[in-house]
Amino acid sequence: MGKALKKQSRGLRDPRIQWSIALIVIMITGVFLYISYLPDLQVGGLKIDWRVKLHIVDYRYNINSTPPSGIGAPWGQYWFNHTYDRLNGVWVGPPDYAPINTRDDTGTIYVQSAVCCPAYVFTLSYFFSEWGQTLTKTCVGNYCYSPGETITYDTNDDNIFQTGEPVIHAAGNIAPASNTVLKTDPHLRFIGPINSVSWSSGDPIVYDTNNNGIYDAGDVLVSVSEPPRGSTLTFDPKIKYVDSNSDGTYNFPVTPPVLVSTKDTSRCDPSVLGLSDKYDWTIWEWRPTLAAAANCFPTSGV
Ligand SMILES: [Ca+2]
Ligand SMILES: [Ca+2]
Ligand SMILES: [Ca+2]
């Protein structure tokens with residue numbers, strides 16, 4: 001008995017047997033891995049390997065904020081839509097990456113597919129959903145169009161709008177009804193001639209966000225064409241507004257986002273915003289409203 005055990009244990013210590021066991025384990029593991037990950041193997045490599053740039057620019061200061069690095073990347077923080085990770089069980093993008101991904105913060109979008117050519121996958125809308133951000137005709141990320149609230153000049157200072165009193169900014173181009181209640185907001189100021197204390201028709205109105213009496217960064221122009229930065233802002237208690245949402249503060253207007261194709265304006269026509277190699281996009285925020293024809297957002301859907 002003891003002799004037999006001794007013989008067996010000596011057999012397991014035999015390097016030839018150890019190598020054989022190791023080889024069998026490696027072969028079984030290899031077959032298992034091959035079967036498990038077969039759909040992810042990309043025979044023939046990428047059929048599409050494009051680069052598209054996306055710029056999101058604050059028109060007022062020409063500040064470009066590009067999409068972050070790591071959208072649709074295994075090491076990234078942003079991968080909120082997995083609809084097109086696979087098509088018919090086949091991994092679409094490069095190994096471990098989504099077919100639309102970012103790898104740095106230069107605004108470059110990688111469009112990469114081992115399958116040719118599921119064009120509906122490669123849209124700006126899908127990119128935004130993968131990123132976890134909103135893209136509509138009125139909202140891009142947290143930037144959303146708003147007509148703002150109406151501003152009037154309360155000539156008789158009774159806190160009520162009477163027909164005939166100046167309407168400085170009509171939200172949505174709709175003048176307030178007579179007898180509408182008016183409020184004041186210390187942030188609402190005007191730019192007038194030096195030492196002027198009351199608003200005159202044509203004087204620009206600014207929402208003085210930081211309330212420092214100077215037209216500077218972060219302030220919002222409510223009416224009339226762009227005045228120089230650094231202008232003095234004056235408070236006139238008769239400048240009043242209609243508090244449509246009853247939150248006790250003036251809500252300033254936000255211009256609609258504007259989408260521009262930097263290479264081919266005909267790309268503005270399709271109902272789906274398709275991505276294509278080297279056809280870059282710019283989204284403008286705070287840009288004075290352009291003619292509808294200059295905006296690439298499709299008339300329905302995005
Ligand atoms: Ca009045
Ligand atoms: Ca200011
Ligand atoms: Ca309000």
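Let me start with the model itself. It is a predicted model. The mean pLDDT is 87, and 88% of the residues reach 70 or more. Two stretches need a flag. Over residues 1-5 the pLDDT stays under 50, and there the model has zero contacts beyond four places in sequence. Residues 34-43 are also below 50, with six contacts in the model beyond near neighbours in sequence. Where pLDDT is low, the predicted coordinates should not be read in detail.

Now the overall make-up. The protein has three helices and 18 strands. It has 302 residues, and 27% of them are buried. Take the contacts with a separation of 6 or more: 62% of these join residues 24 or more positions apart.

Next, strand β6. It covers residues 108-113, and five of its six residues are buried. Which strands pair with β6? Strand β1, residues 48-58, runs antiparallel to β6 and is joined to it by six bridges. In that pairing, I48 stands opposite S113. Strand β5, residues 100-101, also pairs with β6 in the antiparallel sense, over two bridges. There the bridge partner of N101 is Y110. β5 and β6 form a hairpin with six residues between the strands. Look at G107 in that hairpin: it takes a positive phi near 90°.

Stay with β1 for one residue, R51. R51 sits in this strand. Set aside neighbours within four places in sequence, and R51 is in contact with T108, Y110, D277 and K278. Then there is Q112. R51 and Q112 are 61 residues apart in sequence, yet 8.7 Å apart in space, C-alpha to C-alpha.

In soluble globular proteins, nonpolar side chains tend to be buried together. Here, the largest nonpolar core has 34 residues. Which members touch the most others? They are I100, I109, V111, L124, F127 and L259. Five elements each supply at least two residues: β1, β6, α3 at 124-131, β17 at 258-261 and β18 at 281-285. The largest share comes from α3, with five residues.

Look at I109 as one example. Beyond four places in sequence, I109 touches V52, L54, I100, T102, F127 and L275. There is also a second, separate core, this one of 19 residues. Its members include I151, L188, W199 and F252.

Back to α3 for a moment. Six of its eight residues are buried. Those are L124, Y126, F127, F128, E130 and W131. What covers the buried residues of α3? The cover includes β5, β6 and β18. After the helix comes G132, with a positive phi near 85°.

One has three strands in the order β13-β14-β15, with antiparallel pairing. β13, residues 188-190, and β15, residues 220-223, stand at the edges. Each has a single partner strand, so one side of each is left without a neighbour in the sheet. The twist averages 35° from one strand to the next. Within this sheet, β13 and β14, residues 205-207, pair over three bridges. F190 stands opposite I205 in β14.

The other sheet has three strands in the order β11-β9-β16, and its pairing is antiparallel. Its edge strands are β11 at 167-169 and β16 at 239-241, each pairing on one side only. Here the twist averages 35° from one strand to the next. Strand β9, residues 151-153, is joined to β16 by three bridges. The bridge partner of I151 in β16 is Y241. You have met I151 already, as one of the members of the second core. L188, which falls in β13 at 188-190, is another member of that core.

Find β6, with β1 joined to it by six bridges and β5 by two. Last, find the second core through I151, L188, W199 and F252, which are among its 19 residues.

Methods. Residues are numbered from 1 along each chain as its sequence is written. Chains are lettered from A and ligands numbered from 1 in the order in which they are written. This is a predicted model: local features need pLDDT of at least 70, side-chain atom pairs count only at pLDDT 80 or more; totals for chains, interfaces and linings use all residues. A residue is buried if 20 or more other C-beta atoms lie within 10 Å of its own, exposed if 12 or fewer, and partly exposed in between; C-beta atoms are placed from the backbone. Helices (H or I, at least four residues) and strands (E, at least two) are DSSP runs, numbered from the N terminus. Two strands pair if DSSP finds at least two bridges between them. pLDDT is the predictor's confidence in each residue, from 0 to 100. Two residues are in contact if their C-beta atoms, placed from the backbone, lie within 7 Å. A nonpolar core is a set of buried Ala, Val, Leu, Ile, Met, Phe, Trp, Tyr and Cys residues joined through C-beta atoms within 7 Å. Axes are lines fitted to C-alpha atoms, for helices over the stretch in contact, and angles run from 0 to 180 degrees between N-to-C directions.
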